[in-house]
Amino acid sequence: MTIKDIRDKFKYTSRTVAGRPVVYLDNAATSQRPAEVLDKYLNISTLSNANIHRAVHTLAVDATDEYEAARDAVKEFIGADDRREIIFTSGTTASINLVAFSFGEAFVHEGDEIIVSEAEHHSNIVPWQMMCQRKGASLKVLPVDDSGHLRIDVLETLITPKTRLLAVTHVSNVLGLVNPIPEIAQICHSHGVKILVDGAQGIVHQRVDVKKLDCDFYAFSGHKIYAVPGTGVLYGKKELLDAMPPYMGGGEMIETVKFSGTTYAPLPEKFEAGTQNISGAPTFIPAINFAKEAEAVEAETSKIRDYVLDALTNDPRIRLFGVPRETSEKIPLFSFCVEGAHHEDLALILDKMGIAVRSGQMCAEPVMDRFGVTGMLRASFAPYNTMEEAEYFIKSLDRAIRMLV
Amino acid sequence: MYEEWLDKYEYLIELGKNLESYPEDAKTDDKLIKGCQSRVWLDYELKDGKIWFRADSDAIITKGIISLLISVYSGRTAEEIASSDFSFIGEIGLRENLSPTRANGLVSMIETIKRVAKENL
């Protein structure tokens with residue numbers, strides 16, 4: 001499997017922007033989807049479209065098999081013990097909101113504390129703020145240092161007997177540094193604090209093993225790892241999920257319903273109320289297969305990462321956020337500012353050079369405040385990006401800067 | 001094709017750089033145009049029955065675009081502005097920036113100029 005073989009699976013590689021082949025470097029926002037994923041979605045939608053679990057007819061059995069096979073594939077992929085620990089959701093945001101609500105109902109009381117890091121995406125901040133408001137709890141913040149590393153040295157000073165949970169990202173969508181989750185989890189657990197990991201970016205660039213990470217919850221989206229949008233996963237340790245009340249009530253999540261009282265279905269259905277993404281969830285199977293196949297070009301992706309990292313850090317006009325101590329802790333995601341050039345101007349000019357990058361606050365206003373900027377420019381790479389594209393990006397960035405400064 | 005676009009941006013950058021300076025103390029939230037990715041301030045004064053705009057942005061292309069709008073609409077009466085159909089935007093090739101989802105917020109700028117005119121009819 002070469003990058004060329006990989007690119008052949010992605011139809012977007014044949015389109016142009018501003019008369020040039022498009023260079024898609026906004027993978028951290030959403031990845032492109034390979035042909036196998038789109039085929040799966042279309043096949044299920046056309047040939048096996050039926051609602052799952054209840055009906056006895058063949059189409060429903062096929063659809064149920066596909067959906068449940070996807071649960072097994074995800075379980076294997078992230079190294080979970082038990083398929084009941086895999087809850088399908090609509091994405092990372094939904095997964096985190098589920099925990100913020102249901103864990104909050106079960107375990108958080110007035111005066112308790114939750115810790116989030118300063119480097120979190122809004123979707124790993126706001127659900128906790130909402131939960132704290134509802135439960136009369138308070139939110140504490142674990143800071144990052146100037147290089148973008150979490151201040152793990154001060155974590156223990158933030159933890160009190162009232163601390164119930166730490167919510168932290170595996171890899172920040174702005175800083176692109178892999179956080180040492182096992183070490184953080186060990187500190188949390190030694191104080192009886194649970195840990196939720198936002199894996200939206202973390203799941204993409206490395207093999208995740210939830211048991212090695214030793215996290216209590218791991219949340220991620222399908223659309224960033226080549227599956228279709230509107231798919232997502234919440235992994236949770238079974239004893240915790242069992243102790244938590246449902247998030248939403250409705251069909252599928254019940255055992256018996258009487259006006260005198262309702263009992264709930266066991267895991268995982270307890271947390272999957274209503275008709276699920278029956279066409280989308282099965283695309284996790286080809287998406288995971290692709291992610292594994294793409295490991296064949298990992299060495300090349302690392303070369304691209306090193307090249308871009310080197311080019312950006314050695315350019316005195318550029319301020320890179322998330323500077324790794326060693327390159328292996330950096331995923332190929334680069335957020336930066338250019339002295340005297342606004343991120344929006346740079347993104348507009350790069351777009352006219354055929355390059356798609358993200359500009360703005362990237363749903364992480366506290367990180368922007370931490371580094372004293374109104375926004376950043378972000379280029380994020382995927383296995384279908386080539387070294388030629390990386391070189392063209394660096395060359396084009398230089399030209400864009402020279403137009404502006 | 002893209003060279004042509006880069007030329008347009010070069011021109012907007014020039015316009016932005018040459019825009020008359022905007023007082024720092026007028027960079028207040030009430031003068032911020034909502035819906036832009038960059039910050040854009042638009043202020044105006046009435047003199048001799050005409051509306052005179054001044055503006056600023058922290059992004060230079062956006063500043064060039066607002067400069068272009070100001071050069072057309074500043075020094076006009078409220079009636080003149082209110083009756084304009086803003087069709088020149090399309091004619092000069094900025095049409096594709098008119099999509100509401102475009103980050104540069106051209107639509108918001110035009111809406112603000114129209115609103116100022118309406119308030120002063």
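User: Which domains does the assignment give for chain A?
Analyst: Chain A is assigned domain 1 (3–33 + 296–404) and domain 2 (38–290); the bounds come from an automatic or database domain assignment. This is a predicted model, in which local features need pLDDT of at least 70, side-chain atom pairs count only at pLDDT 80 or more, and totals for chains, interfaces and linings use all residues. Residues are numbered from 1 along each chain as its sequence is written, while chains are lettered from A and ligands numbered from 1 in the order in which they are written.

User: How many residues does each domain give to the contact?
Analyst: Domain 1 of chain A contributes 21 residues and domain 2 of chain A contributes 26 residues. Two residues are in contact if their C-beta atoms, placed from the backbone, lie within 7 Å.

User: Which elements supply the domain 1 side?
Analyst: On the side of domain 1 of chain A that touches domain 2 of chain A, β14 (333–338) and α14 (365–370) of chain A each supply at least two residues. Helices (H or I, at least four residues) and strands (E, at least two) are DSSP runs, numbered from the N terminus.

User: Why is β14(A) described as largely enclosed?
Analyst: Six of the six residues of β14(A) are buried, so the strand is largely enclosed by the rest of the structure. A residue is buried if 20 or more other C-beta atoms lie within 10 Å of its own, exposed if 12 or fewer, and partly exposed in between, with C-beta atoms placed from the backbone.

User: Which residue of β17(A) is the bridge partner of A:S335?
Analyst: That partner is A:R378. Strand β17 (residues 376–380) of chain A runs antiparallel to β14(A), joined by four bridges. Two strands pair if DSSP finds at least two bridges between them.

User: Changing topic, what is the strand order in the open sheet of seven strands?
Analyst: The order is β4-β10-β9-β8-β7-β5-β6 (chain A), with mixed pairing. At the edges stand β4 (86–89) and β6 (138–142) of chain A, each with a single partner strand, so one side of each is left without a neighbour in the sheet.

User: And how many residues of chain B are in contact with chain A?
Analyst: 16 residues of chain B are in contact with 16 residues of chain A. On the chain B side, α1(B) gives the most, with six residues.
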